[in-house]
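Please open the model in a viewer and keep the selection tool at hand. The stops below say what to select and what is there.

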Amino acid sequence: MGENAGARAKRADARRNEKTLLDAASAVFVESGVDAPVRDIATRAGVGVGTIYRHFPTRADLIIAVYRHQVEACADAGPKLLADNESPHAALAQWIDLFVDFLVTKHGLAGIMQSDHSGFEALHAYFLERLVPVCTELLDAAAKAGEIRTDLEAVHLMRGVGNLCIGAEADDSYDARRLAALLITGLRQDG
């Protein structure tokens with residue numbers, strides 16, 4: 001029985017370590033793009049480069065894991081933001097900020113996965129399956145509270161925000177978050 005407890009503790013420790021690596025890689029990718037040196041990720045995570053390669057043998061493996069990690073973080077954040085904010089509109093605005101950070105990384109993913117169209121399509125389907133319902137919940141809550149207009153579908157808002165993020169990684173003066181915030185402000189009900 002002690003052996004099983006040790007194995008569970010080790011698995012939990014391995015999950016924490018992987019989360020630390022993915023959090024570090026996410027932050028570095030948002031700041032520097034998906035071509036950032038692995039040593040920058042290792043430094044941010046407080047580990048050696050070899051540790052990253054043990055978990056993620058190729059850059060594509062790391063990028064895909066970061067993508068999934070960020071999808072889950074965005075999905076988990078929606079309900080928490082609704083619970084923590086008095087205003088559903090404020091929760092939506094904060095969630096869109098997280099979504100913008102995610103999209104900056106996502107644009108780099110397309111270049112990495114050009115040779116694996118089916119893999120990219122599977123990740124995109126996963127993205128839609130996990131995030132459209134969360135965005136819908138946020139929009140519905142803000143509409144029910146009378147804070148925003150009711151004639152917008154989540155997938156259309158997400159596509160619009162995505163389009164605002166195109167090119168952000170190539171121009172340091174372009175602030176996709178600011179433009180997305182203007183879009184979210186524009187959802188407010190008149191009156």
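**First stop: the ring cluster**

Select Tyr67, Trp95, Phe99, Phe102 and Phe127: ring pairs link these residues into a cluster. Rings of Phe, Tyr and Trp (its six-membered ring) pair if their centres lie within 6.5 Å, with planes under 30 degrees apart counted as stacked, over 60 as edge-to-face and the rest as tilted. The structure holds five aromatic pairs. One of them joins tyrosine 67 and phenylalanine 102, a tilted pair with 5.3 Å centre to centre and 50 degrees between the planes. Because tyrosine 67 lies in helix 4 (residues 59-84) and phenylalanine 102 in helix 5 (residues 88-112), the pair ties together parts that are 35 residues apart in sequence.

Buried means under 20% relative accessible area, exposed over 50% and partly exposed in between (1.4 Å probe, protein chains only).

Next, select arginine 68 and tyrosine 126. Arginine 68 lies over the face of tyrosine 126, 4.2 Å from the ring centre. A charge sits over a ring if NZ of Lys or CZ of Arg is within 6 Å of the ring centre and within 35 degrees of the ring normal.

**What the model is**

This is a predicted model, in which local features need pLDDT of at least 70 and side-chain atom pairs count only at pLDDT 80 or more, while totals for chains, interfaces and linings use all residues. Residues are numbered from 1 along each chain as its sequence is written, and side-chain values use heavy atoms, with hydrogens and water left out.

**The whole chain**

Switch to a cartoon view. The chain has eight helices and zero strands. Helices (H or I, at least four residues) and strands (E, at least two) are DSSP runs, numbered from the N terminus. Of the 191 residues of the chain, 37% count as buried.

**Helix 2**

Select residues 38-45, which make up helix 2; here Val38, Ile41, Ala42 and Ala45 are buried. They cover an arc of only 100 degrees around the axis, so they are on the same side of helix 2. The arc is that of the directions from the helix axis to the C-beta atoms. An α-helix has 3.6 residues a turn, so residues three or four places apart point the same way. Which residues are exposed on the other side of helix 2? They are Arg39 and Thr43. Glycine 46 follows helix 2 and has a positive phi, near 75 degrees.

From arginine 39, go to glycine 50: the two are eleven residues apart in sequence and 9.5 Å apart in space, C-alpha to C-alpha. Glycine 50 is in helix 3 and is partly exposed, with a relative accessible area of 38%.

**The cavity**

Select Val38, Ile52, Tyr53, Phe56, Thr58, Arg59 and Leu62, which line the largest cavity. Helix 3 (49-55) and helix 4 are the elements that give two or more residues to this lining. On a 1 Å grid over the protein atoms alone, a cavity is a set of points where a 1.4 Å probe fits but cannot get out, and a pocket is an open set with protein on both sides within 12 Å along at least five of seven lines; lining residues have an atom within 4 Å of a point. The volume of the largest cavity is about 30 Å³. Grid points are joined across faces, edges and corners, and a volume is the space filled by probe spheres set on the points.

By class, the cavity lining divides into five nonpolar, one polar and one charged. Ala, Val, Leu, Ile, Met, Phe, Trp, Tyr, Cys and Pro count as nonpolar, Asp, Glu, Lys and Arg as charged, and the others, Gly among them, as polar.

Move on to the largest pocket, with a volume of about 280 Å³. Select Val30, Val104, Ala168, Glu169 and Tyr174, the closest to its centre of the 16 residues that line the largest pocket. Helix 1 (2-32), helix 5 and helix 8 (176-185) each give two or more residues to the lining. Which element gives the largest share? Helix 1 does, with four residues. The pocket lining has seven nonpolar, two polar and seven charged residues.

**Last stops**

Select valine 100, in helix 5. Valine 100 is buried, at 2% relative accessibility, and its C-alpha atom is separated by 7.5 Å from that of glycine 162, 62 residues apart along the chain.

Finish at arginine 188, in the segment after helix 8. Arginine 188 is partly exposed, at 39% relative accessible area. The C-alpha atoms of arginine 188 and glycine 146 are separated by 8.7 Å, with the two residues 42 apart along the chain.
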